[in-house]
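Visitor: I am new to this structure and would like to go through it by question and answer. Please show it to me before we start.

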Amino acid sequence: MTTSLFEIIDKPIDVEEVRQKVTDRNAGAITVFIGTVREMTKGKKTLHLEYQAYPSMAIKMFEQISKEIQERWPEAKVAISHRVGHLEISDIAVVIAVSSPHRKIAYEANEFAIDRIKQIVPIWKKEYWEDGTEWIGDQLENVPYPKGNPSTSEEESCD
Amino acid sequence: MINILLFAHLQELIGESKLCIDLSNLTVGQIKEWMETQYSQVNLQHVMTAVNEEFATDATVVKEGDTIAFIPPISGG
């Protein structure tokens, strides 16, 4: 059991574990969104998928989404787990849990979170079809350069 | 030295997930041009970049020890 609110994991996601992370005595509602692997997209049959992430940045972006949620809905609390690696049809790719004192905010903040994930979190999906494969990038219309300048505080050495 | 991280189709086109190159104090735009010269199979026009895990612009300067990641259009969720 991990206590981190935001995770990129290469094993099946435990939905109940994500829900428990946002448990709060003042919560009157928890919404849980489960994103799953779809077989048919516009008539084309997916055999399976592969997800890849830039994990350290993805976690930072989840934290930014959480911050944005706090600004809009101060009483909401969010936890997000996204799977990477090989996924079969109907497997769970992402789980978002949001708790809040009342249900409306829990629904709204949860939808906000999945919309933002699709805009700013560096995760990629590769589709495997019967006749080929393709890395999907269906968000060319989005140019998400969020506010803020790049930090130069972290340095990594070359291998 | 700077680190260059590659993902998704860029990783497959270049055949590496990470490059370590002896360049620094160039802008993101200049590094993109350098990449396209080195790897003619690559087009970085619609690719976003992050420097040290924060989204950057073509004008961002990449310094010694920085990590620049090329972020193709994302498709998570």
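Visitor: Which residues does A:Thr133 touch, not counting residues up to four places away in sequence?
Guide: This is a predicted model. A:Thr133 belongs to strand E9 of chain A, which covers residues 132-136. Leaving out residues up to four places away in sequence, its contacts are A:Lys126, A:Glu127 and A:Tyr128.

Visitor: Does A:Thr133 count as buried, partly exposed or exposed, and why?
Guide: A residue is buried with 20 or more other C-beta atoms within 10 Å, and exposed with 12 or fewer. A:Thr133 has 13 C-beta neighbours inside 10 Å, so A:Thr133 counts as partly exposed.

Visitor: What separates the C-alpha atoms of A:Thr133 and A:Ala97?
Guide: Along the chain, A:Thr133 and A:Ala97 are 36 residues apart.

Visitor: Over which residues of chain A is the pLDDT below 50?
Guide: For chain A the mean pLDDT is 89, with 85% of the residues at 70 or more. One stretch has a pLDDT below 50, and in the model that stretch has 30 contacts beyond near neighbours in sequence. The stretch is residues 139-157.

Visitor: Turning to chain B, what pattern does it follow along the sequence?
Guide: The secondary structure of chain B consists of two helices and seven strands. Read along the sequence, their pattern is β-α-β-β-α-β-β-β-β.

Visitor: What is the radius of gyration of chain B, and how does it stand against the globule rule?
Guide: Along the principal axes, the C-alpha atoms of chain B fill a box of roughly 30 × 25 × 20 Å. For 77 residues the globule rule gives 11 Å, and chain B is close to that, so chain B is as compact as a globular protein of that length. Its radius of gyration is 11 Å.

Visitor: Which strands stand at the edges of the open sheet in chain B?
Guide: The sheet has five strands in the order E2-E1-E7-E4-E5, with mixed pairing. An edge strand here has a single partner strand, so one side of it is left without a neighbour in the sheet. In chain B the edge strands are E2 (18-21) and E5 (54-56).

Visitor: What is the bridge partner of B:Val51 in E5(B)?
Guide: Strand E4 of chain B, residues 48-51, is joined to E5(B) by three bridges, and the two run antiparallel. In E5(B), B:Val51 has as its bridge partner B:Glu54.

Conventions: Residues numbered from 1 in each chain as written. Chains lettered and ligands numbered in written order. Predicted model: local features only at pLDDT ≥ 70, side-chain atom pairs only at ≥ 80, totals over all residues. Helix = DSSP H or I, 4+ residues; strand = E, 2+ residues; numbered from the N terminus. Contact = placed C-beta atoms within 7 Å. Pairing = 2+ DSSP bridges. pLDDT = per-residue confidence, 0-100. Rg over C-alpha atoms; globule rule 2.2 N^0.38 Å.
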